[in-house]
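Colleague: Could you walk me through this one while I have it open on the screen? I'd like to jump between topics as they come up.

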Amino acid sequence: MNLAERTRILTRPRRLRSSPAMRALVRETRINHDGLVQPLFVAEGRDVVEPISSMPGVSRYSVDAVVRECRELDAVGVRAVLLFGIPDNDAKDAHATVNYDPNGIVQRAARAIKDALPHLLVIADLCNCEYTDHGHCGILDPTGDVDNDRTLEVLAKTALTYARAGVDVVAPSDMMDGRVAAIRAALDDEGFTKTAIMSYAAKYASAFYGPFREAAESTPSFGDRRTYQMDPANGREAIKEVLLDVEEGADIVMVKPAMAYLDVVRAVRETTDLPVATYHVSGEYAMLKAAARNGWIDEERAVDETLTAMARAGADIIITYFAKDYLARQRA
Ligand code: PBG
């Protein structure tokens, strides 16, 4: 009697891994192609496509160029974009005034994209850090901390200008308390009942935003964001944040970053029936790119595995700088 006969293997899981067709037959998780969102950085100028060195393959676009990029995204099957505005540095002030300029960068980009591609879903990140001269996400109080309630006014005002420009979804990423309710009320008061809110409900004070801050020129000039963004050690607090945003009227809730917070994605998935999004952030993108460029990992396989892990954790929507590449590859 050989060893296998003696131990009598009753269950053989390998049977279901025997061929590509068998593996596909029993595969539990698939990435929702319709739920991949491409972030885009929009800057002033004409015909500008300026690569971001810490995010190979990602660029800042002027409004005309971003429309061209959106046509390419549309052609490969990207159905939603997330806009970040980068105003000129000399337009920034302590009150983020340019953020609610009806002719601001995000407002112009949204109008141009919706004109050219009405079916492409336009989501606008709603925050002040790219618009304040000090780089914090809101209006400062005399101690240098962000004044929560004064910041709500600016967010609500800005959300309205985004809605008027045709933005389908506003995505507040500032982590002020009460912002979802404030934005919802402002939108509804002006008749924008159809404009959706995707809240960055559990957004952590993360080192993985580094490359984004280079791209968006939004590094705080002093201090950090720990008095408003969450402590990475806290999982239960994420549920509290999510429940608050749901109560205040969020349509979609997000966990950010993604890779180091998949336990939080899973917990949020089990807490609410709302669609759950996760943001595969700039530093996570940069790490994968850097390792792949050094020949240390296979980029395609690593990206597939990473996005699959996010879906398996329970994310319906994945915001990722890889969206275009990933979908283009599925078509090829
Ligand atoms: C704005 C905002 C940030 C990101 C999205 N919205 C930066 C930050 O909070 O410092 C990060 C996105 C990324 O790293 O890809 N507040």
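**Salt bridges and helix packing**

Modeller: Arg60 is buried, with a relative accessible area of 12%. Please keep in mind throughout that this is a predicted model.

Colleague: OK, and which side chain does Arg60 meet in a salt bridge?

Modeller: The partner is Glu217, and the N to O distance in that salt bridge is 3.4 Å. Glu217 counts as partly exposed, at 34% relative accessibility, whereas Arg60 is buried.

Colleague: Staying with strand S3, is Ser59 buried or exposed?

Modeller: Ser59, which is also found in strand S3, counts as buried at 10% relative accessibility. If neighbours within four places in sequence are left aside, Ser59 is in contact with Phe41, Val49, Glu50, Pro51 and Ile52.

Colleague: How many salt bridges does the count come to?

Modeller: The count comes to 20 salt bridges. Another of them joins the side chains of Arg68 and Asp47, at 2.6 Å from N to O. That pair links distant parts of the chain, with Arg68 in helix H3 (residues 63–76) and Asp47 in the loop between strand S1 (36–43) and strand S2 (49–51), 21 residues apart.

Colleague: And how exposed is each of those two?

Modeller: Asp47 is exposed, with a relative accessible area of 56%, while Arg68 counts as partly exposed at 42%.

Colleague: What about Arg226, which residue does it form a salt bridge with?

Modeller: Arg226 forms a salt bridge with Asp224, and the closest N and O atoms are 3.1 Å apart. Arg226 is exposed, with a relative accessible area of 62%, and Asp224 counts as partly exposed at 38% relative accessibility. Elsewhere, salt bridges that share partners join Asp47, Asp64 and Arg68 into one network.

Colleague: Which residues is Arg46 in contact with, neighbours within four places aside?

Modeller: Leaving those neighbours out, Arg46 is in contact with Ser62 and Asp64. Arg46 lies in the loop between S1 and S2, and it is exposed, with a relative accessible area of 70%. For a sense of distance, Arg46 and Asp93 are 24 Å apart in space from C-alpha to C-alpha, and 47 residues apart in sequence.

Colleague: Changing topic to the helices: why is H10 described as largely enclosed?

Modeller: Nine of the twelve residues of H10 are buried, so the rest of the structure largely encloses this helix. The buried residues are Ser282, Gly283, Glu284, Tyr285, Ala286, Leu288, Lys289, Ala291 and Ala292. They pack against helix H7 (210–216), strand S9 (276–280), H11 and H12.

Colleague: How far does H10 reach from its first C-alpha to its last?

Modeller: Helix H10 (residues 282–293) reaches 16 Å with its twelve residues, which is close to the 16 Å expected at 1.5 Å a residue. Just after H10, Gly295 takes a positive phi of about 80°.

Colleague: You mentioned H11 and H12, so at what angle do their axes cross?

Modeller: The axes of helix H11 (residues 299–313) and helix H12 (residues 323–331) cross at roughly 105°, and they come within 11 Å. That makes the two helices, H11 and H12, roughly perpendicular. On the H11 side the contact involves Glu299, Glu300, Val303, Asp304 and Leu307, and these meet Asp325, Tyr326 and Arg329 in H12. By class, the contact of H11 with H12 divides into three nonpolar, no polar and five charged residues.

Colleague: And how does H9 pack with H11?

Modeller: Helix H9 (residues 262–269) packs with H11 at an angle of about 35°, and their axes are 8 Å apart. Leu262, Val265, Arg266 and Arg269 of H9 make the contact, together with Ala309, Met310, Arg312 and Ala313 of H11. The contact of H9 with H11 has five nonpolar, no polar and three charged residues.

Definitions and conventions
Residues numbered from 1 in each chain as written. Heavy atoms only, no water. Axes fitted to C-alpha atoms, helices over the stretch in contact; angles between N-to-C directions. Helix = DSSP H or I, 4+ residues; strand = E, 2+ residues; numbered from the N terminus. Parallel < 35°, antiparallel > 145°, perpendicular 65-115°, else oblique. Contact = heavy atoms within 4.5 Å. Nonpolar A, V, L, I, M, F, W, Y, C, P; charged D, E, K, R; others polar. Expected span 1.5 Å × (residues − 1). Buried < 20%, exposed > 50% of the residue type's maximum accessible area, 1.4 Å probe, protein only. Salt bridge = Lys/Arg side-chain N within 4 Å of Asp/Glu carboxyl O.
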